[in-house]
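Hi,

Here is the structure I said I would pass on.

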Amino acid sequence: MWKRDDAVKPTPAGGSPTPAGHVQSNQTVNTSPAEPVRTSESARGLEGKGPVNIGKSVVIKGELTGSEDLTIEGHVEGKIELRQNVLTIGPNGKIKAQVFAKSVVILGEVTGNVTASEKVDLRDNGSVDGDIAAPRVAIAEGAHFRGSIDMQRSGKPAESKPASQPQAQSSASTQTQPQAAPAVAGQR
Amino acid sequence: MSISDLLKFGNKRPDEPVPAPAADAPAPKGPETVVPSKALTKFIAALQHQDAPVLIDFGPVIGTNVAFFGEQLGCKLHIEDLAKDIDRQTRAGTREQLPEMLAARFPQTDASVDGVLCWDIFDFLEPVAARALAREIVRVLRPGGAVMGFFCTKAVDRAGFTKYEIVEATSSLRHRHHPGTGGPKFVLQNRDIIKMFDGLSVSESFLLKSNTREILLRKRA
């Protein structure tokens, strides 16, 4: 009988195509520091609508850089740089890397230092073992963190500290207002 | 079992042993309370005199505390979460390793820290482990630095962890249940505290209504 050519397979009707910008693979991608993986529109050949999503089964070892928002559900080891964009580590994401981004939202696991120019948001069940450096850090109830947190704003002069009663700043994560003890302040 | 026995003892025989809780079961969850803290106010005042103070927190991470110390006081925070370490060692039945572990636990260099928030971690340490931890605190603390801790006055066989959230203009702490197996609580006498923090002096000491001692120690500048 006729033998079907395996090279030409019909697309199943009603099959769900891979969403735009969604990387799905069972392969491990190894990159050298000289050739970082880039999540740019030209590399994807896409219209660039919606964030890029690295799927659960993807493992990337090496350097990951880009200029658009990225969500990682897979495993990444090495270094991630999205200095002008938002990086989201999904609930299934496991990162062993140094992370640099404008803003980082963590719902999965991160082992390594996280540096953000705007904000780090560690959500419920998110986990970070490493140091965080960002002007704003929000940590939800149920999150795990071990390491140091540096919220000094780089490039800005250090604000002079109030002598006795600093004002509470508007912050989504705090409602507290410090109140110094004048007696102790005078002892020093 | 007669009807009178049932009325007297319920469905349980009087000589029936009460089942012991599993060793790794979490301690019962207590109510959340807000307790005024005089030592915290003085601890914060001590930090406000430093430029970009470095702070170690021995408790589990709490978002509001991080925001307060990091954003408002400009502290660099080290979250060490010793409750998790104690929980792990208690569950594994290897609490005898705690002194050695604590002696090698902190990567901070000598005299590099301005404040240490111990909370009630010392209550969950045997005296040998408590001394090991106190030595490390004295080592990393800068001259002029402050240490704040709670010390119980009554030993308990098994207690759960508490985490402390700063509330109400930093003059109060919300005591909240934290999951984990804390293990027994040990009482340190005042003289033991003074002795083990050799090099620090007790700056303030308050006895709370709960019979917990709230103590602030300072390293001489």
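Let me start with one helix in chain B. The buried residues of helix 6 pack against helix 5 (98-103), strand 4 (113-119), strand 5 (141-151), helix 7 (190-196) and strand 8 (200-207) of chain B. Those buried residues are Ala129(B), Ala130(B), Arg131(B), Ala132(B), Leu133(B), Ala134(B), Ile137(B), Val138(B) and Val140(B). A residue is buried if 20 or more other C-beta atoms lie within 10 Å of its own, exposed if 12 or fewer, and partly exposed in between, with C-beta atoms placed from the backbone. Helices (H or I, at least four residues) and strands (E, at least two) are DSSP runs, numbered from the N terminus.

Before going on, some housekeeping. This is a predicted model, in which local features need pLDDT of at least 70 and side-chain atom pairs count only at pLDDT 80 or more, while totals for chains, interfaces and linings use all residues. Residues are numbered from 1 along each chain as its sequence is written, and chains are lettered from A and ligands numbered from 1 in the order in which they are written.

Back to helix 6 of chain B: how does its span compare with what 1.5 Å a residue should give? Its 14 residues (127-140) should span 20 Å, and the end C-alpha atoms are 20 Å apart, so the two agree. The expected span here is 1.5 Å times one less than the number of residues.

Chain B as a whole has seven helices and nine strands, and 45% of its 221 residues count as buried. Helix 2 (residues 38-48) of chain B is mostly covered, with ten of its eleven residues buried; among them are Leu40(B), Phe43(B), Ile44(B) and Leu47(B). Of the contacts in chain B with a separation of 6 or more, 74% are between residues 24 or more positions apart. Two residues are in contact if their C-beta atoms, placed from the backbone, lie within 7 Å.

There is also a sheet to look at in chain B. Three of its strands form an open sheet in the order 1-7-6, with antiparallel pairing. Strand 1 (33-36) and strand 6 (156-167) are the edge strands, each pairing on one side only. From one strand to the next, the twist averages 50°. Strand 6 and strand 7 (residues 172-185) of chain B are joined by nine bridges in the antiparallel sense, and Glu165(B) stands opposite Arg174(B) in strand 7. Two strands pair if DSSP finds at least two bridges between them. Helix 4 (residues 82-92) of chain B lies across strands 6 and 7, at about 25° to strand 7. For these angles, axes are lines fitted to C-alpha atoms, for helices over the stretch in contact, and the angles run from 0 to 180 degrees between N-to-C directions.

Now for chain A, which has two helices and 14 strands. Buried residues make up 32% of its 188 residues. Among its contacts between residues at least 6 apart in sequence, 19% join residues at least 24 apart.

Strand 7 (residues 75-89) and strand 8 (residues 94-106) of chain A run parallel and are joined by twelve bridges; Thr88(A) stands opposite Val105(A) in strand 8. Strand 8 of chain A also pairs in the parallel sense with strand 10 (residues 114-122), over seven bridges, and there Val99(A) has Val114(A) as its bridge partner.

Is Glu73(A) buried or exposed? Glu73(A) counts as buried because it has 22 C-beta neighbours inside 10 Å. Glu73(A) sits in the loop between strand 6 (70-72) and strand 7 of chain A, and its C-alpha is 4.7 Å from that of Lys56(A), 17 residues away in sequence. Lys79(A), by contrast, is in strand 7 of chain A and counts as partly exposed, because it has 17 C-beta neighbours inside 10 Å. Leaving aside neighbours within four places in sequence, Lys79(A) is in contact with Glu63(A), Leu64(A), Ala97(A) and Gln98(A).

One last thing, on confidence. Chain A averages a pLDDT (the predictor's confidence in each residue, from 0 to 100) of 71, and 54% of its residues score at least 70. Over residues 1-27 of chain A, pLDDT stays under 50.

Cheers
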